[in-house]
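Student: I'd like to learn how to read a few features off a structure. Can we go through one together?

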Amino acid sequence: MYLLAILIILVEIQATSEEQEKKKTPTCTVFPRNQHVQSGSEVQLTCESSCSVGQIYWEVNGQVVADRFSKSINSSHTVLSLKNFTYQSAIIKCHSVFNGLVLGGINIRTYTKPSNVSCLIRLNRTAGGFPKMVCNWEHAMSSSWKITYIVQRTCDHCSDPQIAYCNSGTTSCVFKILPALTRNFSIVVKANSSTWEVESDMYSFDPFQIWVLAPPELHVTALVSYLLVGWNQSDTIGNSIHCQVRYSQVLDNRTEVVVNKSLTRKDKRAWVTIEGVESCVVYTVSARCAVDRSPWSDWSLGQTVVSLLNPKTFQFNLWRKVVQQKSSGVRELKVMWTEIPQTCKEEYTYYVDYLLYTLLSATSNNGGSVCSPLSCFISLAPEAHVIRLSILQNELSVANKTVYVPAVEETLPQVSHIQASAHGGIIQVNWQAPHQNVSGYIVDWTDDGKTYFWKRSNHTETKLYDLRDFRLYNITVTTFFSNKTGHGKNAPQVCSRRRVPQAVYISELHPEDTRAYLTWKIEAEDKCSTAVENFIVFWRQVDKVPPVVLYNQSVSCTQRRAVLQNLKQSTKYGVIVMAMGHTGNSSTTERHFQTQKHDPVLVLVMTICATLLFFCLSIFGACCVWYKTFLGKMVPNPGKSSLALWPSQSNQKTTPHFSQPLEGEARCVRVYPNESGGARDCLVPPYLGDDSNPQSAGEETAWAVSTPDGSSLSPGEDSEPATEEAELSADQAGLSVQDSREEEDTLLQEYLEVFPLSQSSPYRSQNAALPQGPRSVQDGRELSGNKHSPMYVSMEMFREGPDRG
């Protein structure tokens, strides 16, 4: 026992000594720690700065607090006071002024009290019509907090407080028991968490001002010209009930019309009529009600209904169009009227008849027929008529309309200078009014000749909307008066929109060495497919990897051709033509071509030059041949000829030396001495003999040449030219070639004396056998009585003058 007591005393002494040491150790901190305060209240914090020397300063969420909000109690404690603290969460720190170190810090989170408490007493149709009280409020809180609410209801000015509670984990609560409807009551909402508790302000309510009726259950019925809306009255605590009925078209929910209706408590059934509804339109209808000074109920579920055909609001526009007029004056007319909407479920009968304008007062008519719901075709005589349309439903007339058709020869005012233009899908029509007064104009238009649209205009211009794109429209303007319509005037055809052609194709492509000529055409599906701003020609080198567009060229919309420049020789290209327009683009398929190696113009020029040169050479050669054949026969070279004996008279063939030789025959013929009785002579010109010749040397002496038949020809006479050369050997003439070389030289010397020749004369090298026998005096004169050897002479040798040979 003593040992245990001694041990306990030692432990207590040790603990006491440790506490004393801790008190002696300096500390720095901020207290209280992890504080929760209500938003808007005052916050006080104390900073203990025993571990630091000097003054301190405070920071809230990193911002320095002014010194006026802190106060030093002693050298180690400083108090911070922040009034109306509204931070949702804040970190507050105290720092040493000496070195700026954090001496301590704390995280403060604020909470708010519930606010904006509202309560309503609602009638619940789903729960058998038993009302319930619902209270709602607002409370800003952190999501990490788990809060429960207690709603306390007390009766004001009641002897018995009649306290009721409602528990909830959200900001809404439903009381199962209703308060006393004769007294006001108060509501307080308490919010509790694990670390704090707060309650709202007290709110007071009047049961009659928070009584909310249930949305009415509607019954909507469509009648001929209005909608009938009815509902049953709900139980209420007031004397009067106010209701609102709203309706709108389903396709246009932005346009809402509200109809007010007031009821009394005694009214068990409510009815409201909606006037001025359009024909066969789907409407949605809903309603809400409220008692005096109470809020409106929620809108009821929307009820949809289709209105019936309303003759008061539906415009049965009637019009007629002369489709064809025959030579006899009979007219084919298309009668048209406004279509009854397809949403109308009822069945209607359309009956069209026509009357002569002069028999309008008569009860009978000239004819009629049942037509389709849109139009009807009728035939009218040339006289003026009135067409009448009757629409029947269940054999009851719903609508009746008439339109006037003038006679063929009736003179009525017409418009003039009518014009039509389109922009942005809208057609603008303008015209000039006639000099006579008119009530207005009817403008009708069509794009297919089957479906017509029309409208009335009181001015000399109008715009046509909702047109089909890229369509050609026919427009007619007709004048009308108080009870008549005139003749129509057609406007020029106009397209609602224009587009690029649907098909563009390359028609011609002619490549050269460094350029290519390109031509294209367009194919338009209709007259509205002609709007081209410009063309762009793209071409690329096909064999280039990767293939890229080399060039592009813009061409005016009025042109259909282009020239591709700066191309490479012997290179394959691809070309595309694209038509550009506002509505899009259209292009051709890619066309391939290959440039030539040489310039085709140069090749053509060279070909033409070669052809001309060939023809020139041919003509020159022909001229040379002709000249050589007919004009250019010269003296043959004697060196290339041979000598022969002169043939006898019996078989001699001579050729007159002035006759023209035949083609292919040599111009220099051989002349042989005539043989007679075995004598032989040389044929020598007479003026080269002795001086006893009575003719002078300057005159030309006529001499005769023996013919084969023994006759003679003078130079002026014609003789048949020899066809072959008369050459006889020495054996044929019976001559002996035994003369010596000396005799031959003597004979040649004599010739040289008569005919002085140059040293290059070819006659010096010619030898021949001398003929035997005496020469005839008829053949020519003997020279010194010597025997001469034969020789060749030319007729030109006997020419006189300085140019003789």
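Student: Which handedness does the disulfide of Cys 371 and Cys 376 have, and why?

Tutor: General idea to begin with: a disulfide is a covalent bond between the sulfur atoms of two cysteines. Here a disulfide is called when a pair of cysteine sulfur atoms is within 2.5 Å. The torsion about the S-S bond of Cys 371 and Cys 376 is about -60°, so this disulfide is left-handed. Their sulfur atoms are 2.1 Å apart. One caution: this is a predicted model, where local features need pLDDT of at least 70 and side-chain atom pairs count only at pLDDT 80 or more, while totals for chains, interfaces and linings use all residues. Residues are numbered from 1 along each chain as its sequence is written, and side-chain values use heavy atoms, with hydrogens and water left out.

Student: Are Cys 371 and Cys 376 buried or exposed?

Tutor: The cut-offs come first: buried means under 20% relative accessible area, exposed over 50%, and partly exposed in between (1.4 Å probe, protein chains only). Cys 371 has 13% relative accessibility and counts as buried; Cys 376 is buried too, with a relative accessible area of 9%.

Student: How many disulfides are there by this rule?

Tutor: The count comes to 9 disulfides. One of them joins Cys 28 to Cys 51, with an S to S distance of 1.6 Å. The link of Cys 28 and Cys 51 is left-handed, with -125° about the S-S bond. Cys 28 lies in strand S1 (residues 28-31) and Cys 51 in the loop between strand S3 (41-49) and strand S4 (56-60), so the pair ties together parts that are 23 residues apart in sequence. As for naming, helices (H or I, at least four residues) and strands (E, at least two) are DSSP runs, numbered from the N terminus. Cys 51 is partly exposed, at a relative accessible area of 45%.

Student: What about Cys 47 and Cys 94: which handedness does their link have?

Tutor: Right-handed, with 55° about the S-S bond. The link runs from Cys 47 in strand S3 to Cys 94 in strand S8 (residues 89-96), 47 residues apart, and connects distant parts of the chain. The sulfur atoms of Cys 47 and Cys 94 are 2.3 Å apart. Cys 47 is buried at 0% relative accessibility, and Cys 94 is buried at 0% as well.

Student: On to rings. How is the pair of Tyr 111 and Trp 196 arranged?

Tutor: A pair of aromatic rings is described by the distance of the centres and the angle of the planes. Rings of Phe, Tyr and Trp (its six-membered ring) pair if their centres lie within 6.5 Å; planes under 30 degrees apart count as stacked, over 60 as edge-to-face and the rest as tilted. The structure holds 15 aromatic pairs. Tyr 111 and Trp 196 form a stacked pair, 4.3 Å centre to centre with 5° between the planes. Both residues are buried, and together with Trp 145 they form one aromatic cluster.

Student: Which charge lies over the face of Trp 299?

Tutor: The rule asks for NZ of Lys or CZ of Arg within 6 Å of the ring centre and within 35 degrees of the ring normal. Arg 246 lies over the face of Trp 299, at 4.1 Å from the ring centre. Likewise, the charged end of Arg 320 sits over the ring of Trp 319, 4.6 Å from its centre.
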